Protein chains: 2
Amino acid sequence: MTSDKKLKDILHQYGLKGTTARIIVLDVLVQSQVALSHADILSRIHGEDLDKVTLYRTLSSFVSVGLAHKVANEDRNWLYALLLQNNRRVGIDDHAHFICDQCERIYCLPMDAEDTISVPVMDNGFVIRSHEYRLHGTCPECN
Amino acid sequence: MTSDKKLKDILHQYGLKGTTARIIVLDVLVQSQVALSHADILSRIHGEDLDKVTLYRTLSSFVSVGLAHKVANEDRNWLYALLLQNNRRVGIDDHAHFICDQCERIYCLPMDAEDTISVPVMDNGFVIRSHEYRLHGTCPECN
DNA sequence: GTTTAATTGCAACTTTGTTGCATTATTTGT
DNA sequence: ACAAATAATGCAACAAAGTTGCAATTAAAC
Ligand SMILES: [Mn+2]
Ligand SMILES: [Mn+2]
Ligand SMILES: [Zn+2]
Ligand SMILES: [Zn+2]
């Protein structure tokens, strides 16, 4: 329910053309509190019809410019979520994911500096550059 | 290069029949220090030929009895590794994974009790039951 | 408004993994 | 060592997710 003008502006800020396909998809992603699959997004589009390939390419474009990121679910399908959380860009390495083992929803968890993760003791020769942290359990919707 | 008798004994310990396919696959997994894909395993088998479906089912049987576990790589293909580390069974929840971003190898990292991971601050309503930790960087082979 | 380059839709394709079923091999009991 | 029972195997067909090539369309810039 964000205005097309606002959505178009966001697309332009990220160097993308403000096409109707992108506006539709961005609107769906802005609405969602959880990461969405290709199928999830299609099912959230009513009258408008959008080719499946166009949707794949739209999502790829969002990821490549840093507007969105993708995370694999337990079935190893890609889910997509914006890196914008109420107009602030969240760093991709600065957040973890919560996977609800019941409803399979995936929530992005921005982490503060205090939320440090202590790494396991590594054999010599391994150089750690980043890390990926996935929490499993049940979400508020399932409790 | 483990004797067939020894491999067969391991299979029996886990309640599996000691078939030739399983002996071949288990031998490959015992040898490897990293997790292996379906394709990796096929490429490590010389004279013996093994149907692709049989290999998939062999790996599933190893996982379902707790002899092996599987972990998805960056391409979202399954990699398999034993839960036996020199005759001791490693808990599946008690270890992390190191992904080499250069050679794509995945190493299992058994974690001691000291190697605690501090969790990010969660909104109320989330119940955490387990976690999954993936470290990225470059491995000893690539340094 | 025209031009130009990017985006879209369609069809065909790829890759990884799964399912059904008839054949074969491993156990178990004699 | 042999036979019966049961589980594993091989083959072909299938499924799901995602990709590629290309001609037609559209957004942006002039
Ligand atoms: Mn996220
Ligand atoms: Mn592992
Ligand atoms: Zn849930
Ligand atoms: Zn490496």
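How many cavities of 30 Å³ or more does the structure hold? The structure holds two. This is a predicted model in which local features need pLDDT of at least 70 and side-chain atom pairs count only at pLDDT 80 or more, while totals for chains, interfaces and linings use all residues. Residues are numbered from 1 along each chain as its sequence is written, chains are lettered from A and ligands numbered from 1 in the order in which they are written, and side-chain values use heavy atoms, with hydrogens and water left out.

**View 1. The largest cavity, of about 40 Å³, is lined by residues of chain B.** A cavity is a set of points on a 1 Å grid over the protein atoms alone where a 1.4 Å probe fits but cannot get out, and lining residues have an atom within 4 Å of a point. Its volume is the space filled by probe spheres set on the points, which are joined across faces, edges and corners. The lining consists of Asn73(B), Glu74(B), Asp75(B), Ile99(B), Glu104(B) and Ile106(B). By class, two of these are nonpolar, one is polar and three are charged (nonpolar: Ala, Val, Leu, Ile, Met, Phe, Trp, Tyr, Cys and Pro; charged: Asp, Glu, Lys and Arg; polar: the others, Gly among them).

**View 2. The second largest cavity has a volume of about 30 Å³.** Asp93(A), His95(A), Ala96(A), Met111(A), His131(A), Glu132(A) and Tyr133(A) line this cavity. Strands β6 (95-100) and β8 (127-138) of chain A each supply at least two lining residues, and β8(A) gives the most, with three. Strands are DSSP runs (E, at least two residues), numbered from the N terminus. The lining divides into three nonpolar, two polar and two charged residues.

**View 3. Phe126(A) and Phe98(B) form one of seven aromatic pairs over all chains.** Rings of Phe, Tyr and Trp (its six-membered ring) pair if their centres lie within 6.5 Å; planes under 30 degrees apart count as stacked, over 60 as edge-to-face and the rest as tilted. This pair is edge-to-face, at 4.7 Å centre to centre and 75° between the planes. The contact crosses between chains, from the loop between β7 (106-110) and β8 of chain A to strand β6 (residues 95-100) of chain B.

**View 4. Lys70(A) lies over the face of Trp78(A), at 4.5 Å from the ring centre.** In chain B, the charged end of Lys70(B) sits over the ring of Trp78(B), 4.5 Å from its centre. The criterion is NZ of Lys or CZ of Arg within 6 Å of the ring centre and within 35 degrees of the ring normal.

Definitions and conventions: On a 1 Å grid over the protein atoms alone, a cavity is a set of points where a 1.4 Å probe fits but cannot get out, and a pocket is an open set with protein on both sides within 12 Å along at least five of seven lines; lining residues have an atom within 4 Å of a point. Helices (H or I, at least four residues) and strands (E, at least two) are DSSP runs, numbered from the N terminus.
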